[in-house]
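Reader: Could you walk me through reading a protein model, one feature at a time? I would like the general idea, then the case at hand.

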Amino acid sequence: MISAVRVEKEYHLGETIVRALAGVSAEIEEGEFVVIIGPSGSGKSTLMHLLGALDRPTRGSVLIDGKGISMFDDYELAAVRRNLIGFVFQTFNLIPTLDSLENVLIPAQNSQGALGAAEHRAIKLLKEVGLSDRMHHKPGELSGGQRQRVAIARALINNPKIIFADEPTGNLDSATGKQIIDLMKKLNKTDGKTFVIVTHDLGLLEHATREIHLFDGKIVKDVKRRAREK
Ligand SMILES: Nc1ncnc2c1ncn2[C@@H]1O[C@H](COP(=O)(O)OP(=O)(O)OP(=O)(O)O)[C@@H](O)[C@H]1O
Ligand SMILES: [Mg+2]
């Protein structure tokens, strides 16, 4: 579905070059629940940004459904992202002045179709993530776990095939974090959504159907396995 082929990423900071990824190849397949793990600075977020087409590699290629993203201009790439990919971040990235429903609707604004249909879908998604009674609360009126649920509903609004989550439980206590993981697992199992989750949390590994370990910008371990039943 999405693959990285010998990707390298360098950041230029004045005279110095930071090599964030030093030749990484991986293919994400439909239905997987992938956990990317590794120490701080090992290149996890950089890899996620490249696989999610938020950024382009310095060398190597990223393929989405077999097509190299270098073929797309920024406008086309934004359309690919909007239709295929959802993103969830550690800090939720919700707009404080908008309520849950409005936040979920943000990515739908530029897509095809009537807003009425999008609104119905947003309501359905907020119910699905357990927020039927929080549709008109603003982020400041929600708990951390509830905010992350809004962010997950927002990631799902355009019915993407794949969701990338960068430290989705990083700002949550462990019980709330577990609920968020359970929600993502459920979306993976019942709706067949593919997940790629970046984390420091070793506890998430037990849920993974695949674990990718990064160290110093390289993959040092990439194993697939059946998730342990819980
Ligand atoms: N925009 C940038 N400009 C310069 N260097 C960067 C930039 N983004 C990341 N880096 C560097 O690239 C390397 C990889 O960063 P990355 O954010 O991918 O790490 P990470 O594994 O996600 O770390 P963490 O667990 O702390 O989030 C780090 O050394 C970082 O300092
Ligand atoms: Mg990171």
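This is a predicted model: local features need pLDDT of at least 70, side-chain atom pairs count only at pLDDT 80 or more; totals for chains, interfaces and linings use all residues.

**Sheets, helices and a ligand shell**

Reader: Thanks. Which residue in strand 5 is the bridge partner of Leu63?

Author: The partner of Leu63 is Gly68. Two residues lie between the strands in this hairpin, and Asp65 takes a positive phi near 45° there.

Reader: How should I place that hairpin in its sheet? In what order do the four strands of the open sheet come?

Author: The order is 2-1-4-5, with antiparallel pairing. Strand 2 and strand 5 are the edge strands, each pairing on one side only.

Reader: What should I know about side chains when I look along a strand?

Author: The general idea is that side chains in a regular strand alternate between the two faces of the sheet. Now let's turn to the other sheet. Six strands form an open sheet in the order 6-7-8-3-9-10, and here the pairing is mixed. Its edges are strand 6 (85-89) and strand 10, each of which pairs on one side only. From one strand to the next, the twist averages 15°.

Reader: Where can I find parallel and antiparallel pairs in it?

Author: For a parallel pair, take strand 7 (residues 162-166) and strand 8 (residues 194-199), which share five bridges. Phe164 stands opposite Val196 in strand 8. For an antiparallel pair, take strand 9 (residues 210-215) and strand 10 (residues 218-224), which pair over six bridges. There, Glu211 has Val223 as its bridge partner in strand 10. This hairpin also has two residues between its strands, and Asp216 takes a positive phi near 50°.

Reader: Now the helices. What describes two packed helices?

Author: The angle between their axes and the distance between those axes. In this model, helix 5 (residues 144-156) and helix 6 (residues 174-191) pack at about 20°, with their axes 9 Å apart.

Reader: Are helix 5 and helix 6 roughly parallel or antiparallel to each other?

Author: Angles under 35 degrees count as roughly parallel, so helix 5 and helix 6 are roughly parallel to each other. Helix 5 passes helix 6 in a right-handed crossing. On the helix 5 side the contact includes Gln148, Arg149 and Ile152, while helix 6 brings residues including Ile180 and Leu183. By class, the residues of this contact are three nonpolar, five polar and one charged.

Reader: Last one: which residues are around ligand 1?

Author: Among them are Tyr11, Leu13, Val18 and Ala20, along with Gly43, Lys44, Ser45 and Thr46. Strand 1 (2-13), strand 2 (16-28) and helix 1 (44-51) each give two or more residues to this shell.

Reader: Which element gives the most to the shell?

Author: Helix 1 does, with three residues. Sorted by class, the shell has four nonpolar, seven polar and one charged residues.

Technical notes:
Residues are numbered from 1 along each chain as its sequence is written. Chains are lettered from A and ligands numbered from 1 in the order in which they are written. A residue is near a molecule or strand if its C-beta atom, placed from the backbone, lies within 6 Å of it. Ala, Val, Leu, Ile, Met, Phe, Trp, Tyr, Cys and Pro count as nonpolar, Asp, Glu, Lys and Arg as charged, and the others, Gly among them, as polar. Axes are lines fitted to C-alpha atoms, for helices over the stretch in contact, and angles run from 0 to 180 degrees between N-to-C directions. Angles under 35 degrees count as roughly parallel, over 145 as roughly antiparallel, 65 to 115 as roughly perpendicular and the rest as oblique. A crossing is left-handed if the near helix is turned anticlockwise from the far one by less than a right angle, and right-handed if clockwise. Two residues are in contact if their C-beta atoms, placed from the backbone, lie within 7 Å. Two strands pair if DSSP finds at least two bridges between them.
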